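Let's walk through this structure together, chain by chain. Have the viewer open and follow along.

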Amino acid sequence: MMLVEILEIAGALFAILMVGSGQLRLNLTLFAWQTMMLAAATAIQAKVLHHEELYIIAPLVAGIKGLLVPIFLTWILRKIGSTYFDQGIILAIPISMHVAVAFLPISYLLASSLSYHSWQPGTIGGVTAGTSLLFTGIIFMLTRRKAMSQIIGFLTLENGIYLFGMTQTKDMPLIVEMGVLLDVLVAVMIGGLIIFKIKQSFEHIDVTQLNVLKED
Amino acid sequence: MKTLFISIYLVFAIVGLPFLALFLLRKTKAILQNRIGPPLLQPLYDLIKTIRKDEVVSKDASYLFRLSAFFVFSITLLLLFVVPWLPLKPNLFHSDLFLIIYLFGLLRFFAIIGGLDGGSPFGAFGTSREAILAALTEPAIMLALVAVAFTAKSTNIASALAQVDWHQFNHLPVWLLAATSLYLASLVELSRMPIDDPNTHLELTMVHEAMMIEYSGLSLALIQAAYALRMLILFGLISQFLIHALAIILPISLLTTAILTVVLIISLSIITAIIESFTVKLAWRKNPEFVAFTLSFSFFASLSTLVEGLSL
């Protein structure tokens, strides 16, 4: 196992541990750690593969997704003054974490059934981590109530797609990756503002109650 | 000369280290709360004081009440020799992982019998809670030990610890994750802070303290000594795992291992005291969420052995 793979899988493990807590601030902290692991993996991948573009992408990922987005979302949480706890829906929180753990070997089997080129070092670990992050993000979005959790789950899913793309493409064009980062930032900003508006109009951010249009 | 050194080390580790670990735990907590704290030999004075006191046994209690205290202490002594928690320790027994797990189970069985036999409502209260926690943590401990044993392809934990896997980086996550899982499990097992407050004064919130609330005199001393030795065994096993993870990166001699074990046991008890000072006790219904993290780390450890097995 190489250092890149260990960092990528550590990111996936942080995401799984994130599913195990209902505290929104702890979720954001663990999301930041997960993104930092992926950024470190990107920097090492740049050194191994001699891709100069990845040297620019790594600090951008760390700065925007690892620092700016969690800080902004924490600020939104404080601003709306809602409870910092999400009690979950469909599955109990510990069980949803164990479901996410169960998807880790499934993603390993998926990753090892793909075929790889010889120039890709440490790919099985990267694809395992990427697929696992995808599943983890989906499980997180499915089993939570709050709109804030939906955003965190979406960002985890996006991290998975980013990691999968990084391990599969030979040279990811810098401009595409920067565009994706900008999109994520804008999506988080809009999501935060929408949460703020929802809180103002409905006095809660519980998405399970948003399918009722009228109050009776 | 070498034999003399080894005997001094073993006697210090088994007799002195539990008192030292307990002292450092209390002292660190006291310093963090701006108190002076107990003197170095306070755990020893406490033990002597408790032994010399008269024993009061409830009139509802049967012979099992006092007997279970002796059983708890003797099973802990057996565990002390079975578990490979100390380097240089002669391996008198085959330290099978299932033997270890079921000896821990037997230990808890007698503790529970003794707690129930006292006839006090608080004893029954604490006992039922302890039983629930035990049922929750047992799979985590079992999976972590199985993951470690899988690296040596044997159920003997001692042979897993004896193997030298210098520069086998595949084994590094197994040892680290198993150590993390075992540490979180030992916080539950030893009734430390996120689960149970050892300093609480209210019987309704106690877990471990409520179970031994009816004991006094010699029986209490035996149960407290068993607790200190159990802490030593668990922390020692965790430090063996951590040292083994370190041995993958750089070669370590036997002497360094012996010294590192003592340092790690002491630092683990200081870390436990720091955790205890900065966290609050979880509400009882939140405890399964904490234990779920322990189980997840065990799953990670066993999955990392599985990955290695598949890629072979």
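Chain B has 312 residues and a radius of gyration of 20 Å, which agrees with the value near 20 Å for a compact globule of that length; the radius is taken over C-alpha atoms, and the globule rule is 2.2 Å times the number of residues to the power 0.38. Before going on, please note that this is a predicted model, in which local features need pLDDT of at least 70, side-chain atom pairs count only at pLDDT 80 or more, and totals for chains, interfaces and linings use all residues. Residues are numbered from 1 along each chain as its sequence is written, while chains are lettered from A and ligands numbered from 1 in the order in which they are written.

Along its principal axes, chain B fills a box of roughly 60 × 50 × 40 Å, judged by C-alpha atoms. You will find eleven helices and zero strands in it (DSSP runs numbered from the N terminus, H or I of at least four residues for helices, E of at least two for strands). Of its residues, 45% count as buried, meaning that 20 or more other C-beta atoms, placed from the backbone, lie within 10 Å of the residue's own; 12 or fewer make it exposed, and values in between partly exposed.

Now pick out helix α4 of chain B, residues 97-117. Its 21 residues reach 30 Å from first C-alpha to last, close to the 30 Å expected at 1.5 Å a residue, where the expected span is 1.5 Å times one less than the number of residues. Its buried residues include Leu97(B), Phe104(B), Arg108(B) and Asp117(B), and the buried set packs against α3, α5, α6 and α8 of chain B. Just after α4(B), Gly119(B) takes a positive phi of about 80°.

Next, look at Tyr183(B) in helix α7, residues 172-189 of chain B. Tyr183(B) counts as buried because it has 23 C-beta neighbours inside 10 Å. Its C-alpha is 8.0 Å from that of Leu234(B), 51 residues apart along the chain.

Chain A has seven helices and zero strands.

Finally, where the chains meet, twelve residues of chain B are in contact with 13 residues of chain A (C-beta atoms, placed from the backbone, within 7 Å). The chain B side divides into nine nonpolar, two polar and one charged residue, with Ala, Val, Leu, Ile, Met, Phe, Trp, Tyr, Cys and Pro taken as nonpolar, Asp, Glu, Lys and Arg as charged, and the others, Gly among them, as polar.

Definitions and conventions. Two residues are in contact if their C-beta atoms, placed from the backbone, lie within 7 Å.
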